[in-house]
Amino acid sequence: MKKIEAVIKPFKLDEVKEALQDMGVQGMTVLEAKGYGRQKGHTELYRGAEYVVDFLPKIKVEVVVEDNQIDAALEAITNAARTGRIGDGKIFVSEITEVVRIRTGETGPSAV
């Protein structure tokens, strides 16, 4: 199993959610986040004063998929989250060694 963590622009959440649901992903965790990458934020003008916004609002989507779903999930997220502009986000993939459903005690892929 793999865990996908996608950091995306907030207004792309619904498109990413629908793309993952269409491919059969059953659950996800969504967190509000702030951060920056290579662009290191930007400068804004507010009431005549210039200030640096270095932590931009983002959404972090976390899903766990079986190994045979990873390519389709990455493609779905990438296509749904892409705007073609700086700050579209990143996707991180990591290995999941164990999953336990707390209510039933199920383990492995059936617990996802």
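1. Helices α1 and α2 are roughly antiparallel to each other, a label given to angles over 145 degrees. Their axes come within 8 Å and cross at roughly 150°; axes are lines fitted to C-alpha atoms, for helices over the stretch in contact, with angles from 0 to 180 degrees between N-to-C directions. Helix α1 covers residues 13–22 and helix α2 residues 70–81. Helices (H or I, at least four residues) and strands (E, at least two) are DSSP runs, numbered from the N terminus.

2. This is a predicted model, in which local features need pLDDT of at least 70 and side-chain atom pairs count only at pLDDT 80 or more, while totals for chains, interfaces and linings use all residues. Residues are numbered from 1 along each chain as its sequence is written, and side-chain values use heavy atoms, without hydrogens and water.

3. In the contact (heavy atoms within 4.5 Å), α1 contributes Glu15, Val16, Ala19 and Leu20, and α2 contributes Ala73, Ala76, Ile77, Ala80 and Ala81.

4. The open sheet has four strands in the order β2-β5-β1-β6, with antiparallel pairing; two strands pair if DSSP finds at least two bridges between them. The edge strands, β2 (29–35) and β6 (89–95), each pair on one side only. From one strand to the next, the twist averages 20°.

5. Seven bridges join β2 to β5 (residues 56–65) in the antiparallel sense. Leu31 stands opposite Lys60 in β5.

6. Both helices lie on strands of the sheet. Helix α1 lies across β1 (2–8), β2 and β5, at about 10° to β5. Helix α2 lies across β1, β5 and β6, at about 5° to β1.

Key: Angles under 35 degrees count as roughly parallel, over 145 as roughly antiparallel, 65 to 115 as roughly perpendicular and the rest as oblique.
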